[in-house]
Amino acid sequence: MKYENKELLMDWQNNIDKVAELTKHSPVRTAKKSRLSDLLNTVSTGKIVGAKEKKELNKKKVILTSNSKANPVPAFLECLGSPEQLQGFLKMFYPEMLQREDYKQACSIATSNILQMPSGRGSGASKAVKNLFVPANRYDPWRADKKLMADVYQAVNLLAANQVTGHQLSKEPGRGIYITKDLIMDMLEHPEKATKAKIANSLTLLRIASAIHLAQPDELSDSGKKLMEFNNGSKLVKSHHVYILGDFNTANWELVSDNFTLNLNTPISKEMLIQLFGEKVASDYFPDLSGGVGKREINFFMGIKAQKGYTNEPIMTAKAAADTISSLASVKDRTARQWVDEVCTVKPVEMEKLSKASAGRYGYELKGYKDTKPAEKLLVPTTKEALRMCREKLADKNDKLKKELKVRMHR
């Protein structure tokens with residue numbers, strides 16, 4: 001986005017007087033603000049960055065440029081250059097905001113992680129990283145989800161820099177962060193493209209890669225431990241909002257890319273994580289997850305797939321699968337359909353949902369499904385053997401289809 005004062009703020013150390021004029025404010029109004037987002041919602045952020053501003057129905061401010069709008073924090077940091085500039089900038093122009101002991105480290109870690117994010121397909125990032133964060137082209141079916149994943153990851157890091165005042169949460173300085181979906185929404189560069197469900201699913205994938213993980217008691221300071229529990233009436237309840245921020249380059253992105261097809265509309269159940277990573281990992285690091293497909297339903301799909309997994313015949317219709325799941329688990333049709341989608345996102349299950357028309361184009365054998373409508377969704381096996389048979393069937397057909405199938409074989 002274009003901000004009139006971007007160059008000025010980038011070099012604020014050499015423009016103290018001009019920036020002081022832009023940031024003129026009443027310390028009485030800002031002294032008790034603990035977060036950067038709260039501060040920028042109180043002062044004239046539009047004047048500071050050189051853009052229009054307005055307050056939305058939720059009474060939170062947005063920054064406007066041409067036909068787009070942005071949250072104040074990412075807009076301000078785009079002008080400032082990086083979170084690393086925050087500590088000095090706030091000390092100079094907002095000294096009434098007391099900075100926590102590890103604020104400098106938090107800003108440094110956030111800056112490092114954001115800079116390590118891939119800038120495009122031509123970057124030197126690994127295939128797994130590109131599969132999660134960088135659209136292959138404008139026709140990439142997961143383009144929107146990849147862009148949102150990148151936005152959520154940046155937002156997670158900005159949360160570390162957003163909490164200016166307060167206590168150090170983790171024993172290792174700068175790593176402790178407090179995450180809620182509302183806080184993430186305030187940090188997104190493009191909040192209009194997000195939903196809370198997609199944010200929650202993005203966070204689960206980031207946790208699987210250990211880009212962030214639920215804080216364990218031995219990782220927390222005393223202040224962090226106090227945030228792990230809260231009083232709900234007369235009952236002490238576990239809180240699952242304190243996390244440890246990892247490093248981008250040491251996160252295991254392959255763990256996500258190798259096990260899941262990116263689909264932020266579909267949550268991942270705790271049982272699925274138990275099947276993939278074991279009971280202890282799921283219990284210690286994902287205690288907040290509940291619902292979703294269970295062991296009995298997973299076994300049902302695996303049993304059916306085992307019967308047809310080495311042919312290129314569809315396993316069954318998606319409707320038949322959802323009806324069976326609805327009967328097995330006594331859940332509503334909508335929930336059953338979502339569980340079918342969840343199973344299809346897990347790559348080791350080797351199953352995909354396609355329309356009958358698409359399945360036919362890809363070379364699946366549809367003799368048993370002649371009476372189904374062209375748009376009918378089918379569950380098809382994606383084992384190497386099944387895809388090889390499809391490719392052989394397409395040997396004399398369109399080259400484009402063969403190329404698409406080859407891509408699917410190596411996903």
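How many salt bridges does a search of the whole structure find? Counting a salt bridge as a side-chain nitrogen of Lys or Arg within 4 Å of a carboxyl oxygen of Asp or Glu, the search finds 20. The model is a predicted one, in which local features need pLDDT of at least 70 and side-chain atom pairs count only at pLDDT 80 or more, while totals for chains, interfaces and linings use all residues. Residues are numbered from 1 along each chain as its sequence is written, and side-chain values use heavy atoms, with hydrogens and water left out.

The protein chain has 22 helices and 11 strands, where helices (H or I, at least four residues) and strands (E, at least two) are DSSP runs numbered from the N terminus. Of its 411 residues, 49% count as buried; buried means under 20% relative accessible area, exposed means over 50%, and partly exposed lies in between, with a 1.4 Å probe and protein chains only. Helix α6 (residues 72–80) is mostly covered, since eight of its nine residues are buried, among them F76 and L77. Just after α6, G81 takes a positive phi of about 110 degrees.

Among the salt bridges, D247 and R175 meet through their side chains at 3.1 Å, N to O. D247 lies in the loop between β8 (242–245) and α14 (253–257) and R175 in the loop between α10 and β4 (176–178), so this pair ties together parts that are 72 residues apart in sequence. D247 is partly exposed at 27% relative accessibility, whereas R175 is buried at 11%.

Helix α21 (residues 384–393) includes K393, which forms a salt bridge with E365, the closest N and O atoms being 3.6 Å apart. E365 sits in the loop between α20 (356–362) and β11, and the pair links distant parts of the chain, 28 residues apart. Within α21, R388 forms a salt bridge with E392, with the closest N and O atoms 3.0 Å apart; these two residues are four apart in the helix and are therefore separated by about one helical turn.

Strand β11 (residues 377–381) also belongs to an open sheet of three strands in the order β9-β11-β10, with antiparallel pairing, where two strands pair if DSSP finds at least two bridges between them. The edge strands, each pairing on one side only, are β9 (316–317) and β10 (351–355). β9 and β11 pair over two bridges, and M316 stands opposite L379 in β11.
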